[in-house]
Amino acid sequence: MPVPFAPGGPRRHPGAARGHPPAGPPREDEMARNITTREKDYSQWYLDVIAAAEMADYSPVRGCMVIRPTGYALWEAIQRELDGRFKELGHQNCYFPLFIPESFFKKEAEHVEGFAPECAVVTHGGGERLEEPLCIRPTSETMIGHMWSQWVHSWRDLPVLNNQWANVVRWERRTRLFLRTSEFLWQEGHTAHETEAEAMEETMRMLEVYRSFAEDFLAIPVLVGEKTESERFAGAVKTFCIEGMMQDGKALQMGTSHFLGQNFARAFDIRFEGRDQKLQHAWTTSWGVSTRLIGAVIMVHSDDEGLILPPRMAPALAAVIPIFRNDDEKAKVLAFVEKTLAGLLGEDEVAASLTRFGNSQVQQLFYAQASGQSIVVDRRETMRPGEKHYFWEQRGLPLRIEVGPRDVDGGNLVVKSRLDGSKEVVPAAALTRGYLDAKLAGIQKAMYDRAKSFRDANTHACGSYREFSKFFEAGRGFLRCHFNPSSQAEAQIKTETKATVRLIPVGHTPAPGTDVFTGDPSTTEVVFAISY
RNA sequence: CGGGGAGUAGCGCAGUCUGGUAUGCGCGCCUGCCUUGGGAGCAGGAGGUCGGCGGUUCGAAUCCGCUCUCCCCGACCA
């Protein structure tokens with residue numbers, strides 16, 4: 001269903017969510033010519049943004065994508081940040097095999113039921129039929145459970161805090177770049193604990209890691225809550241999630257944390273002798289986020305001109321665009337750029353960057369060694385400045401720094417924000433790390449605030465099913481309602497409205513009310529939405 | 001997996017109905033000149049065998065069958 005996005009544009013669906021307005025009035029000749037507007041076709045816009053930024057491409061194999069360098073750099077940024085957060089909490093990375101014996105899945109009844117339909121299975125190897133078919137991992141609980149059963153003997157071996165960065169395969173019927181592909185990259189954390197309370201605590205701790213990561217790093221506000229039984233991970237006792245709202249008002253699950261109880265410990269015989277000298281099953285958890293987060297960043301922040309990256313995540317923070325009309329001006333401008341950058345980043349870095357052009361005339365200078373974030377100088381002479389502006393805008397760099405003859409004469413640079421289009425004339429001496437860091441932090445915060453305002457403006461309370469149905473007929477967004485979770489009611493609601501319970505918010509106890517569907521008394525409040 | 005749409009140069013398309021040599025169109029690309037504060041201009045040039053396989057035909061981008069991939073809707077599903 002199309003949803004209007006252009007500011008002041010026609011609102012075909014009165015209740016519909018609306019995207020962020022661009023800074024100025026969109027003039028036909030200033031709009032990206034290779035990107036469909038959100039208003040016209042949100043789905044196509046999403047694909048166009050990916051294509052324009054060269055983030056990913058299709059592969060010859062159905063449902064699989066190629067993640068191109070600009071897209072993969074985003075995944076690396078996510079990895080770097082999350083990996084650090086995991087390690088701070090004592091998790092250790094490891095690697096378990098891609099192939100999992102088919103029989104492993106059958107050991108946990110719900111797990112096999114949930115994953116069997118989407119498993120890719122290898123039946124042949126070395127030209128011969130395998131004795132036992134091998135599943136390509138859709139997730140690794142079974143393999144890890146199997147290995148842990150051999151490693152865990154005593155309460156002193158616990159907790160086990162593991163994580164792996166890996167690819168997984170789930171045979172999907174309907175795919176979409178980054179959001180749902182047959183193969184994707186993710187991180188799966190797996191932990192085993194001595195007690196139920198510890199495992200539960202771990203489940204919530206990692207959920208909180210995801211929440212703060214999403215909000216602080218990706219600048220995406222998320223709801224935190226528990227899934228209902230019908231949305232629960234196959235084999236879990238409880239599933240928790242973070243849920244974000246995209247600019248079309250649809251929900252996207254951005255991460256999950258599962259309390260697995262002793263289900264997998266029983267299935268795989270993960271037992272240890274406790275402090276009480278009794279043999280008992282361990283309590284396990286698992287939690288993950290995937291390359292889907294890149295899709296979330298695109299759909300939450302970007303606009304009709306292309307990608308917009310939150311500064312903390314952006315592989316490149318600023319693009320310097322030199323402007324000149326002749327050789328004299330060129331020499332003058334480039335010398336000024338070099339001098340300014342040497343002042344900002346050091347002469348060594350400027351010198352080192354001269355060997356780092358890669359396959360273009362785009363010079364990369366590291367701004368932050370730890371994160372690998374850079375500032376680029378676009379020295380290409382085949383492109384005029386205007387074209388470079390579009391080029392870097394579509395790639396979502398937070399800042400653009402223009403340097404022309406007039407600026408050099410005044411000893412200034414022009415700093416333009418990708419987010420709101422504002423320009424600032426900055427004396428070269430004032431272009432310091434302090435200035436840039438503050439500017440980038442301001443953008444990071446503004447992006448979060450903007451996304452949060454949007455989400456809040458499209459979140460409503462709802463008391464009757466009539467109102468509920470009407471809302472999802474016309475528009476998108478989150479509806480908070482009293483509702484007593486029931487698979488049967490949820491199925492019917494989904495059939496009638498397409499909406500599902502996204503989560504039961506944690507951390508607050510609602511006042512008593514009436515169930516939006518049945519009219520029964522209810523003390524549970526949930527959030528409904530149409531989701532990806 | 002069901003319904004609908006699409007696949008012709010890197011991208012966007014015309015040509016397909018009514019078979020007859022793709023010097024095809026715009027953008028991009030390469031060379032040169034010229035230009036450079038929001039996608040410049042001129043001149044010259046490279047690049048496609050029409051998604052794939054098979055069939056009909058003297059002859060297939062065009063007609064027929066099968067198949068692959070993408071997009072939209074639905075079912076299924078993290």
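Predicted model: local features only at pLDDT ≥ 70, side-chain atom pairs only at ≥ 80, totals over all residues.

Colleague: OK, which residues come nearest to RNA strand B?
Modeller: R170, R174, Q253, D407 and K416, out of the 40 residues around RNA strand B.

Colleague: And how do the residues of that surface divide into nonpolar, polar and charged?
Modeller: There are 11 nonpolar, eight polar and 21 charged residues. Here Ala, Val, Leu, Ile, Met, Phe, Trp, Tyr, Cys and Pro count as nonpolar, Asp, Glu, Lys and Arg as charged, and the others, Gly among them, as polar.

Colleague: Which element gives the most to the surface near RNA strand B?
Modeller: That's α11, with six residues. Helices (H or I, at least four residues) and strands (E, at least two) are DSSP runs, numbered from the N terminus.

Colleague: What does the side chain of R174 reach on RNA strand B?
Modeller: An N or O atom of the R174 side chain is 2.3 Å from a phosphate oxygen of RNA strand B. Base oxygens of the RNA also sit by the protein backbone: one is 2.7 Å from a polar backbone atom of R33, and one is 3.2 Å from a polar backbone atom of P405.

Colleague: Switching topic: where is R395, and is it buried or exposed?
Modeller: R395 lies in the loop between α11 and β18. It counts as buried because its relative accessible area is 9%; buried means under 20%, exposed over 50%, and partly exposed in between (1.4 Å probe, protein chains only).

Colleague: So what does R395 touch?
Modeller: Not counting residues up to four places away in sequence, R395 touches A52, A53, E54, T70, L307 and L309; contact means heavy atoms within 4.5 Å. Its side chain also reaches the backbone oxygen of F391 at 3.4 Å.

Colleague: What about the largest nonpolar core, how many residues are in it?
Modeller: It has 84, and F178, L218 and M254 have the most contacts inside it. A nonpolar core is a set of buried Ala, Val, Leu, Ile, Met, Phe, Trp, Tyr and Cys residues joined through side-chain atoms within 4.5 Å. A second, separate core has 24 residues, including C119, V152, L158 and A282.

Colleague: Last one: which strands pair with β8?
Modeller: β7 (residues 160-169) pairs with β8 in the antiparallel sense over 10 bridges, and β14 (residues 283-290) pairs with β8, also antiparallel, over eight bridges. Two strands pair if DSSP finds at least two bridges between them. Strand β8 (residues 183-193) is mostly covered, with nine of its 11 residues buried.

Key: Residues numbered from 1 in each chain as written. Chains lettered and ligands numbered in written order. Heavy atoms only, no water. Near = heavy atom within 4 Å. Polar contact = N/O pair within 3.5 Å; in protein donor to acceptor, adjacent residues only side chain to side chain.
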